[in-house]
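Subject: Structure handover

Hello,

Here is the structure for you to look over. Please open it alongside this note.

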Amino acid sequence: MIEDATALAARIATGELSALDATEAALSRIAGLDPQLNAFISVDAEGARATARSLDDARAKGAELGPLHGLPIAIKDVTATKGLRTTQGSTLFAGHVPCEDALSVARLRDAGAVIIGKTNTPEFAFGAVCTNRLCGPTRNPWDPERTSGGSSGGSAVAVATGMVALAQGTDFGGSVRMPASFCGIVGFRPAPGTIPEPDRPLGWGALATQGVLARSLRDARLMLSAMAGPDPRDPLSCRATPVEPVPDRPLRLAASPDLGGAFPIDAEVAAAFAEALTAVEAVLGPTTVAAPQLDGAIEAFKTLRAAESWFRSGAMVEAHAEALTPSFVWNVRQGRAISAAEYLAAEATRTRSWRAFSDFFRHQDLLVMPTCAVLPFPNARGEVLEVGGRQLGSIIDYLACTFLVSLVGFPALSIPAPRRAGALPFGLQLVVPPGREPMLWHVAERLEASGFATICPGAV
């Protein structure tokens, strides 16, 4: 069985295994698995070997080792990597090579990571299926006919199958959490600002953030520790939120499959959630069926997302629509006609939703939800237009499980639920307010220790 990143890092630190050994093992696994699964857009074999050799030399000279020393790590191909092609899944950027690393990548390198390559993503990270015109779909390792999930699907598959120890992702409406659920791994979306992004044009924009994908909770925390921390160029990273300790009393756990009927879920998801909730209660005690009131929140997210997408990409879409994926063009053009009044009304709804969530968590410690309203679906299906027998209003409505949490900016963690033989992976989403992350990890680690873990066939 493939060991987790934490154990691998310990072996490299003691010299039992070299960074080059770990890198060669990762490259060999990529060569054996990726032709079928298509997790990577680019693999930097020679660059990774050179980094590994320099890390081994540093260790031999007695240099202080970083927490990720020698670990093979993948970066989603929308995040800038110095000297390594960053396509954003688009033919318009097929040859783009950044001159600088994104801050998160620079911090991973400083912590000793070996950047193996760039993982597949829908064009500019917009899409339910992880596919693009450059290299096609990333396939789910549990069933290659099915999707790995969008939009960090390449990163999720690379981690699930042991091609890399850890992978970075991004999450706007659920793009770390959904692929983690579909591939049976851990996916963490922190509160915006936890992983600073000083290059964002909208410094106060709190809908999107980077996240981590890992095979275990301790791995996710290990990677997060290297990426997190304030940066004076990112205003969100400088906000101080008091950290709450884990209370010394019985936990107050709320559970809801659909946030009080805010969105539809498939019958198979409802059944899987009910079964998983029984397992949760066996470990943690009883849950209360409860959810915050979120009137208008779905439309507010869609308005804000569309306005931000138009601000970022509207000019490019108008100039190059014929060269871009139709779903990306549709997504961006949703923001073309949004008025200032509509935008501010959506911001007001977001404020009400944040207050509703905050009030809800005055009486509850943690909320348990499904990570996604559907299970992994065929790549050939394309966009999800129906859930639970109900037609959806748009191609992003099936992501309401995750994007309603993105709207208010609360930390959310997807962990694999116990899996029945022959069943597809299914993730539980655990949600807490900012500052309550110790509670989040505490609860998740108790569940993981009790058997909430899924090992992908490609990782044994």
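This is a predicted model: local features need pLDDT of at least 70, side-chain atom pairs count only at pLDDT 80 or more; totals for chains, interfaces and linings use all residues.

Two pairings are worth a look. E2 runs parallel to strand E3 (residues 114-119), with five bridges in the pairing. Within that pair, proline 72 sits opposite valine 114 of E3. Strand E7 (residues 186-189) and strand E8 (residues 209-214) pair in the antiparallel sense, over three bridges. Here glycine 187 has leucine 213 of E8 as its bridge partner.

E2 itself is mostly covered, with five of its five residues buried.

**Around histidine 69**

Histidine 69 is in the loop between helix H3 (45-60) and strand E2 (72-76). Is histidine 69 buried or exposed? Its relative accessibility is 5%, so histidine 69 counts as buried; the cut-off for buried is under 20%. Beyond its neighbours within four places in sequence, histidine 69 touches Ile12, Leu55, Arg59, Ala111 and Gly112.

Gly112 also has a backbone point of its own. Glycine 112 follows H4 and has a positive phi, near 100°.

**Helices**

In helix H4 (residues 103-110), the buried residues are Leu103, Ser104, Val105, Arg107 and Leu108. They pack against E2, strand E6 (166-171), E8 and helix H7 (217-227).

Helix H5 (residues 153-160) is mostly covered: eight of its eight residues are buried. Among them are Gly153, Gly154, Ser155 and Ala156. Just after H5, glycine 162 has a positive phi of about 75°.

Now a helix pair. Helix H9 (residues 297-320) packs with helix H10 (residues 326-333) at an angle of about 120°, and their axes are 7 Å apart. That angle makes H9 oblique to H10. On the H9 side, the contact includes Arg305, Trp310, Met316 and Glu318. On the H10 side, the contact includes Phe328, Val332 and Arg333. By type, the residues of this contact are seven nonpolar, four polar and three charged.

**Nonpolar cores**

In soluble globular proteins, nonpolar side chains tend to be buried together. In this model, the largest nonpolar core has 101 residues. Which residues have the most contacts inside it? They are Leu68, Leu71, Tyr398 and Leu428. A second, separate core has 28 residues, with Ala52, Ala74, Ala160 and Met163 among them.

Leaving aside neighbours within four places in sequence, leucine 428 contacts Phe273, Ala276, Val280, Val368, Met369, Thr371, Leu413, Ser414, Ile415, Ala417 and Phe452.

**Backbone details to check**

Most residues other than glycine have a negative phi, and most peptide bonds are trans.

- Asparagine 38 has a positive phi, near 65°. Asparagine 38 is in the loop between helix H2 (19-37) and E1. With a relative accessibility of 13%, asparagine 38 counts as buried.
- Phenylalanine 124 has a positive phi too, near 55°. Its loop lies between E3 and strand E4 (139-140). Phenylalanine 124 counts as buried, at 9% relative accessibility.
- Glycine 150 and serine 151 are joined by a cis peptide bond, with omega about 5°. Serine 151 is in the loop between strand E5 (143-147) and H5.

Best wishes

Note on methods:
Residues are numbered from 1 along each chain as its sequence is written. Side-chain values use heavy atoms; hydrogens and water are left out. Helices (H or I, at least four residues) and strands (E, at least two) are DSSP runs, numbered from the N terminus. Buried means under 20% relative accessible area, exposed over 50%, partly exposed in between (1.4 Å probe, protein chains only). Contact means heavy atoms within 4.5 Å. A nonpolar core is a set of buried Ala, Val, Leu, Ile, Met, Phe, Trp, Tyr and Cys residues joined through side-chain atoms within 4.5 Å. Axes are lines fitted to C-alpha atoms, for helices over the stretch in contact, and angles run from 0 to 180 degrees between N-to-C directions. Angles under 35 degrees count as roughly parallel, over 145 as roughly antiparallel, 65 to 115 as roughly perpendicular and the rest as oblique. Ala, Val, Leu, Ile, Met, Phe, Trp, Tyr, Cys and Pro count as nonpolar, Asp, Glu, Lys and Arg as charged, and the others, Gly among them, as polar. Two strands pair if DSSP finds at least two bridges between them.
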